[in-house]
Amino acid sequence: MVIKKLLIAFGCLVAFFVLVAAAGVLFIDPIVRSVVEKQSAVALKVPTKLHDATIRFSGHATLGKLEVGNPTPFTEPQSVTFERFDVGVRPRQLLGEVVHIDEVTVVRPELTLEFSGAKNNLSALLDNLSAGQPAGQTAPSGGKKFLIRKLRIQEAVARFKSDLLPGGARSVTLPAIELDNVGTAEGGASIGQIVRVILETLGTSALKAGEGLVPADLLKNLRGDLEGKVKELPKKAMDEIQKKAGELKLPPDLEKKLKNPLEKKAD
């Protein structure tokens, strides 16, 4: 009789923990989706939509398709889409103010570089990310910070759209890129700054890939914008992009700027 009661009590205890785990799964997924969606929209100042988020207690998370809207006056529905993010993180880490992430793999981002006259949407997004944020600040007050040991970008595509392109938009596949220790030197990076690291990296790679495909004047404007904005990246991410500059075989003027981001132009 005593053994039977113990078994019943043990069964109830197991059921309780199963219910707690199930409730955690049910609640943490929409919370993560909401946090990513809202913080990215606030940082970029355009609508964003994260289709789903799945957090597994095994230490793996998947963020489904993320769509980032286009700033005014550009007409494409999205400026960039990400097929998914594969994230190595324990669920309990998500509860802290600083989230330690082993690795993030950004799968098949598609950057649409839309040009309107001398302006382009990537520069507009980077302006939005920088607006109202003091230099050196890594995250808004009260926002979560993230330390990413390894950030991979793979199967990336850059799509160029301009009235100056005969035959319509052009697309090109970008090389895989790997960055280490994003946010480490700053004590953590916000979602907005992680997005900025990704956009800067994609834009820099697209600049090289667009040579011979896109009119030189358009690339010249984009290059000038990137030269002015790349120094705003968190220091550690800046170091990693500098390291990648040679591998991407960038135009000499931008490569020099990346290696010497604070160098003043000659009068």
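# A walk through one predicted chain

Thr105 lies in strand β6. This is a predicted model, where local features need pLDDT of at least 70, side-chain atom pairs count only at pLDDT 80 or more, and totals for chains, interfaces and linings use all residues. Residues are numbered from 1 along each chain as its sequence is written, and side-chain values use heavy atoms, with hydrogens and water left out.

## The chain as a whole

The chain holds 6 helices and 11 strands. Both are DSSP runs, numbered from the N terminus: helices are H or I with at least four residues, and strands are E with at least two. The chain has 267 residues, and 46% of them count as buried. Buried means under 20% relative accessible area, exposed means over 50%, and partly exposed lies in between (1.4 Å probe, protein chains only).

Now take the contacts between residues at least 6 apart in sequence: 68% of them join residues at least 24 apart. Contact means heavy atoms within 4.5 Å.

## Strand residues and their partners

Back to Thr105. Is this residue buried or exposed? Thr105 is buried, because its relative accessible area is 10%. Leaving out residues up to four places away in sequence, Thr105 touches Arg84, Phe85, Asp86, Arg152 and Gln154.

Strand β8 spans residues 145-154 and includes Arg149. Arg149 has 42% relative accessibility, so it counts as partly exposed. Its contacts, again without residues up to four places away, are Ile101, Asp102, Glu103, Leu179, Asp180 and Asn181.

Glu67 sits in strand β4. With a relative accessible area of 17%, Glu67 is buried. Which residues does Glu67 contact, leaving aside neighbours within four places in sequence? They are Pro47, Thr48, Lys49, His51, Gln78, Val80 and Thr81.

The table gives C-alpha to C-alpha distances for some pairs.

| Pair | Apart in sequence | Apart in space |
|---|---|---|
| Thr105 and Lys150 | 45 residues | 8.3 Å |
| Arg149 and His100 | 49 residues | 8.0 Å |
| Glu67 and Lys49 | 18 residues | 5.2 Å |

## Two helices side by side

Leu129 leads us to the helices. Its place is in helix α2. Leu129 counts as buried, at 7% relative accessibility. Beyond its neighbours within four places in sequence, Leu129 is in contact with Ala43, Leu44, Gly192, Arg196 and Leu199.

Helix α2 covers residues 121-130, and helix α3 covers residues 191-209. They pack at an angle of about 155°, with their axes 11 Å apart. Axes are lines fitted to C-alpha atoms, for helices over the stretch in contact, and angles run from 0 to 180 degrees between N-to-C directions.

How do α2 and α3 run relative to each other? They are therefore roughly antiparallel. That word covers angles over 145 degrees; under 35 counts as roughly parallel, 65 to 115 as roughly perpendicular, and the rest as oblique. The crossing of α2 and α3 is left-handed. That means the near helix is turned anticlockwise from the far one by less than a right angle; clockwise would be right-handed.

Which residues meet? From α2 come Leu122, Leu125, Leu126, Leu129 and Ser130. From α3 come Gly192, Arg196, Leu199, Glu200 and Gly203. By class, this contact has 5 nonpolar, 3 polar and 2 charged residues. Here Ala, Val, Leu, Ile, Met, Phe, Trp, Tyr, Cys and Pro count as nonpolar, Asp, Glu, Lys and Arg as charged, and the others, Gly among them, as polar.

## Backbone exceptions

Most residues other than glycine have a negative phi, and most peptide bonds are trans. Some places in this chain depart from that.

Thr72 and Pro73 are joined by a cis peptide bond, with omega about 10°. Pro73 is in the loop between β4 (66-69) and β5 (78-88).

Arg108 is not a glycine, yet its phi is positive, about 45°. Arg108 is in strand β6, which runs over residues 98-116. Its relative accessible area is 35%, so Arg108 is partly exposed.

Glu155 also has a positive phi, near 60°, and is a residue other than glycine. Where is Glu155? Glu155 lies in the loop between β8 and β9 (157-161). At 44% relative accessibility, this residue is partly exposed.
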